[in-house]
Amino acid sequence: MTHPSRQGITVRAAAKINLHLGVGAPREDGFHPLDTVYQAVSLYDDLTAYAADDWSLSTTVADHLGAVELPGPGDNVVDQVAALLCATGCADGCTPRAHVEVSKTIPVAGGMAGGSADAAAALVALDRLWDLQTPDEQLLALAAQLGSDIPFSLVGGTARGLGRGEVVTPIDDTGNWSWVVVPDAGGLSTPAVYRHYDVLFPDASPEPASAQPLLTALTSGDPFALAAALHNDLEAAAVDLRPDLGELLARGEMEGALRGLVSGSGPTCVFLCDSAEAARDVASSLSSVRPVVLTAHGPVSGAHVVDTSPFPEN
């Protein structure tokens with residue numbers, strides 16, 4: 001699976017936030033049924049894949065993410081993508097051969113699907129590099145095998161997710177929504193948040209809360225309507241585990257955000273504002289209490305090729 005070109009293929013994939021996250025009681029298989037609405041926002045990881053004689057992977061992390069713990073060699077989701085593409089794309093079960101570089105700016109372990117973005121970028125980049133020509137529907141199926149957020153990271157935009165979130169249906173979203181994003185270096189374990197949700201809500205309905213009110217608000221194009229419809233069933237569990245997140249949400253709304261919300265399982269918090277200018281004002285205010293405050297807009301595209309780059313020479 002080598003390629004004569006020394007050009008690299010760079011694929012960009014966006015962070016996601018959950019505008020709606022309805023969580024049902026756990027099923028017999030232990031998974032929680034979800035009804036969620038994802039939106040891709042303008043915080044990105046870039047992944048570049050180069051042809052090589054063996055497999056190697058390196059990651060650089062933006063300064064604003066601080067010191068983060070990344071998976072070791074062989075345990076990264078990009079390694080899993082490469083192995084799965086080889087297993088399904090080659091009759092002889094070939095060995096992955098590429099040099100892959102990941103540049104991360106999406107908060108790590110922050111409920112914004114940074115790992116899923118990297119997986120989606122790897123699916124696109126390696127499929128192109130190795131000229132596998134995998135049909136889109138099969139790429140989505142492979143993505144679902146790897147993780148429930150990864151199909152959305154391929155699709156981008158705004159989409160509804162059912163099942164475990166992996167059954168993705170794009171939504172026509174013509175809005176231009178302005179967000180403030182506040183990462184948190186502390187991290188929160190997604191399984192731990194789900195377990196705590198089960199403790200807090202032992203009588204939760206088997207069916208997750210419907211996303212229909214959120215979908216209706218999206219069609220209005222009105223940020224005030226969208227703010228009123230934002231919903232995250234995991235927020236109570238995340239805030240109970242980390243009360244400081246509740247304090248941050250209250251502070252953001254006091255500073256002018258229409259609504260604050262824990263992103264997914266947290267600990268990143270996002271704030272919807274009524275304009276890009278308002279988002280900048282809220283971000284400036286929150287920067288006095290948090291070291292890293294970002295602004296973003298959505299929806300944006302899913303994983304897509306942005307560049308070809310020459311192989312780096314030592």
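This is a predicted model: local features need pLDDT of at least 70, side-chain atom pairs count only at pLDDT 80 or more; totals for chains, interfaces and linings use all residues.
# Cysteines, salt bridges and pockets

Reader: Are Cys 269 and Cys 273 buried or exposed, and why?

Author: Buried means under 20% relative accessible area, exposed over 50%, and partly exposed in between (1.4 Å probe, protein chains only). Cys 269 has 0% relative accessibility, so it counts as buried. Cys 273 is buried because its value is 2%.

Reader: Why is the contact of Asp 46 with Arg 12 called a salt bridge?

Author: The term requires a side-chain nitrogen of Lys or Arg within 4 Å of a carboxyl oxygen of Asp or Glu. The closest N and O atoms of Asp 46 and Arg 12 are 2.8 Å apart, so the pair meets that limit. The two residues belong to distant parts of the chain, with Asp 46 in strand 2 (residues 34-50) and Arg 12 in strand 1 (residues 7-23), 34 residues apart. Strands (E, at least two residues) and helices (H or I, at least four) are DSSP runs, numbered from the N terminus. Arg 12 is partly exposed because its relative accessible area is 30%.

Reader: What does the salt bridge of Lys 104 and Asp 45 tie together?

Author: The two side chains meet at 2.4 Å, N to O. Lys 104 lies in strand 4 (residues 98-104) and Asp 45 in strand 2, so the pair ties together parts 59 residues apart in sequence. Lys 104 is buried at 6% relative accessibility, and Asp 45 is buried at 1%.

Reader: Which residues are linked in a network of salt bridges?

Author: The network links Asp 184, Arg 242, Asp 244 and Arg 290. Within it, the closest N and O atoms of Arg 242 and Asp 244 are 2.8 Å apart. Arg 242 counts as buried at 16% relative accessibility, whereas Asp 244, at 26%, counts as partly exposed. The whole structure has 10 salt bridges.

Reader: Why is the second largest pocket said to lie between two domains?

Author: Domain 1 (8-171) and domain 2 (177-298) both give residues to its lining, so the pocket lies between them. The domain bounds come from an automatic or database assignment. This pocket is lined by 17 residues, with Leu 65, Val 68, Asp 184, Ala 185 and Gly 186 nearest its centre.

Reader: Which residues lie nearest the centre of the second largest pocket, and which one of them also belongs to the salt-bridge network?

Author: Leu 65, Val 68, Asp 184, Ala 185 and Gly 186 lie nearest the centre, and Asp 184 is a member of the network.

Key. Residues are numbered from 1 along each chain as its sequence is written. Side-chain values use heavy atoms; hydrogens and water are left out. On a 1 Å grid over the protein atoms alone, a cavity is a set of points where a 1.4 Å probe fits but cannot get out, and a pocket is an open set with protein on both sides within 12 Å along at least five of seven lines; lining residues have an atom within 4 Å of a point.
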